[in-house]
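Keep the structure in view as you read.

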Amino acid sequence: MKGLGELERSIMDILWAQGTALTAREVGRAIAERDLAPTTVMTVLDRLTRKGFLTRTRDGRAWRYEPARSRDAYVAELMLEALDLTGDRSAALTRFAQAVSGDEAEILRKALTELEEE
């Protein structure tokens, strides 16, 4: 999975937060502080669709865009890609485990226990 550029990430943040499919015009309104041309928003939405980050469905003459996966799934994929960059996954996982808070460690323990019980 490829990373996201700054504008792509801003648009994905809007779509992840919205929880519903949006048109390019609605995305443009939500990112109004950037003062982007409508064609720029449409180009980025099309690029994100081609990259597999978004799905789109026809709504009259417009397209509605929504995330193909959740933000959590995206972040988990980034974490796995970062692990692939290490020469020693065990060492990287150990360092990660040492760096998380007690509450985060408990969440990891619970998730691992649930996986073992499946």
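The buried residues of H1 pack against strand S1 (22–23), helix H2 (24–30), helix H3 (38–50), strand S2 (54–59), strand S3 (62–67) and H4, where contact means heavy atoms within 4.5 Å. Helices (H or I, at least four residues) and strands (E, at least two) are DSSP runs, numbered from the N terminus. This is a predicted model, in which local features need pLDDT of at least 70, side-chain atom pairs count only at pLDDT 80 or more, and totals for chains, interfaces and linings use all residues. Residues are numbered from 1 along each chain as its sequence is written, and side-chain values use heavy atoms, leaving out hydrogens and water.

Which residues of H1 are buried? They are Leu 7, Glu 8, Ile 11, Met 12, Ile 14, Leu 15 and Trp 16, buried being under 20% relative accessible area, exposed over 50% and partly exposed in between (1.4 Å probe, protein chains only). An α-helix has 3.6 residues a turn, so residues three or four places apart point the same way. After H1 comes Gly 19, with a positive phi near 80°.

Further along, the loop between H2 and H3 holds Asp 35. Its phi is also positive, near 50°, in a residue other than glycine. Asp 35 is exposed, with a relative accessible area of 71%.

Now look at H4 (residues 71–85) and H5 (residues 89–99). Met 79, Leu 80, Leu 83 and Asp 84 in H4 meet Arg 89, Ala 92, Leu 93 and Phe 96 in H5.
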